Amino acid sequence: MEIALIAHDGKKAEMVNFLMKHKEALNNNNITFIATGTTGKYAEQTGLKVTRYLSGPLGGDAQIAARVVEGKTDMVFFFRDPMGKHPHEPDVNMLLRLCDVHNIPLATNPATAEMLLDHLK
């Protein structure tokens, strides 16, 4: 099972808190993590092993979207900041659309991510 981790700058601390809160459930040997560059760096601080791609504005969202299309990513946790402006918004929208097209569960906030984690138990 591969889970992608992405968080806008205003949500990175929230992502770290979520990962710490659920570290025991996430430390399953059957789960691998990928992330955009900066989010991955933050996620690694929790002790999780994360494969990092480029940062979002440099194409990391597109790299993860490609993994979704290839059937390699099973779930996406993308903590979005709905109040901020993001120069790479077209890439963000592409990733969201491709998750829908390929029927990949997508959590855009901690409440939804918790529901997806409950499903894994």
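## Basis of the description

Buried residues are those with under 20% relative accessible area, exposed residues have over 50%, and partly exposed residues fall in between (1.4 Å probe, protein chains only). The model is predicted, and local features need pLDDT of at least 70, side-chain atom pairs count only at pLDDT 80 or more, and totals for chains, interfaces and linings use all residues. Residues are numbered from 1 along each chain as its sequence is written, and side-chain values use heavy atoms, with hydrogens and water left out.

## Sheet

The sheet is open and has five strands in the order β3-β2-β1-β4-β5, with parallel pairing. Its edge strands, β3 and β5, each pair on one side only. Helices (H or I, at least four residues) and strands (E, at least two) are DSSP runs, numbered from the N terminus. Two strands pair if DSSP finds at least two bridges between them.

Strand β2 (residues 32–35) pairs with β3 in the parallel sense over three bridges, and Ala-35 stands opposite Arg-52 in β3. Strand β1 (residues 2–7) and β4 are joined by five bridges, also in the parallel sense; Ile-3 has Met-75 of β4 as its bridge partner. On to strand β5 (residues 106–107), β4 pairs in the parallel sense over two bridges, with Val-76 opposite Leu-106 in β5.

Strand β4 (residues 75–79) is largely enclosed by the rest of the structure, because five of its five residues are buried. Met-75, Phe-77 and Phe-79 point one way from β4, Val-76 and Phe-78 point the other way, and all are buried.

Helix α4 lies across β1, β2 and β4 and runs at about 155° to β1. Helix α6 (residues 110–120) lies across β1, β4 and β5, and its angle to β4 is about 160°.

## Nonpolar cores

A nonpolar core is a set of buried Ala, Val, Leu, Ile, Met, Phe, Trp, Tyr and Cys residues joined through side-chain atoms within 4.5 Å. The largest one has 20 residues, and Leu-5, Leu-19, Phe-33 and Phe-77 have the most contacts inside it. At least two residues of this core come from each of β1, α1, β2, β4 and α6. A second, separate core has 14 residues, including Ile-34, Val-68, Leu-96 and Ile-104.

Contact means heavy atoms within 4.5 Å. Not counting residues up to four places away in sequence, Phe-77 touches Ile-3, Ala-4, Leu-5, Ile-6, Met-15, Phe-18, Ala-107, Ala-113, Leu-116 and Leu-117.

## Annotated binding site

An unreviewed UniProt entry carries the annotation "binding site" for His-8, Lys-12, Thr-36, Gly-37, Thr-38, Thr-39, Ser-55, Gly-56 and His-88. UniProt positions are given in the numbering used here, feature names are shortened, and annotations may be inferred rather than shown by experiment.

Gly-37 is in helix α3 (residues 37–44) and counts as buried, at 12% relative accessibility. Leaving aside neighbours within four places in sequence, Gly-37 is in contact with Arg-52, Tyr-53, Leu-54 and Ser-55. Gly-56 is found in the loop between β3 (50–52) and α4 (60–69); its relative accessibility of 8% makes Gly-56 buried.

## Salt bridges

A salt bridge is a side-chain nitrogen of Lys or Arg within 4 Å of a carboxyl oxygen of Asp or Glu. The whole structure has six salt bridges. One of them joins Glu-114 and Lys-21 (3.1 Å, N to O). Glu-114 lies in helix α6 and Lys-21 in helix α1 (residues 12–21), so the pair ties together parts that are 93 residues apart in sequence. Glu-114 is partly exposed at 27% relative accessibility, whereas Lys-21 is exposed, with a relative accessible area of 59%.

Arg-52 forms a salt bridge with Glu-44, with the closest N and O atoms 3.5 Å apart. Arg-52 is partly exposed at 41% relative accessibility, and Glu-44 is partly exposed at 31%. Lys-11 forms a salt bridge with Glu-14, where the closest N and O atoms are 3.4 Å apart. Lys-11 counts as partly exposed at 21% relative accessibility, as does Glu-14 at 32%.

Conventions
Axes fitted to C-alpha atoms, helices over the stretch in contact; angles between N-to-C directions.
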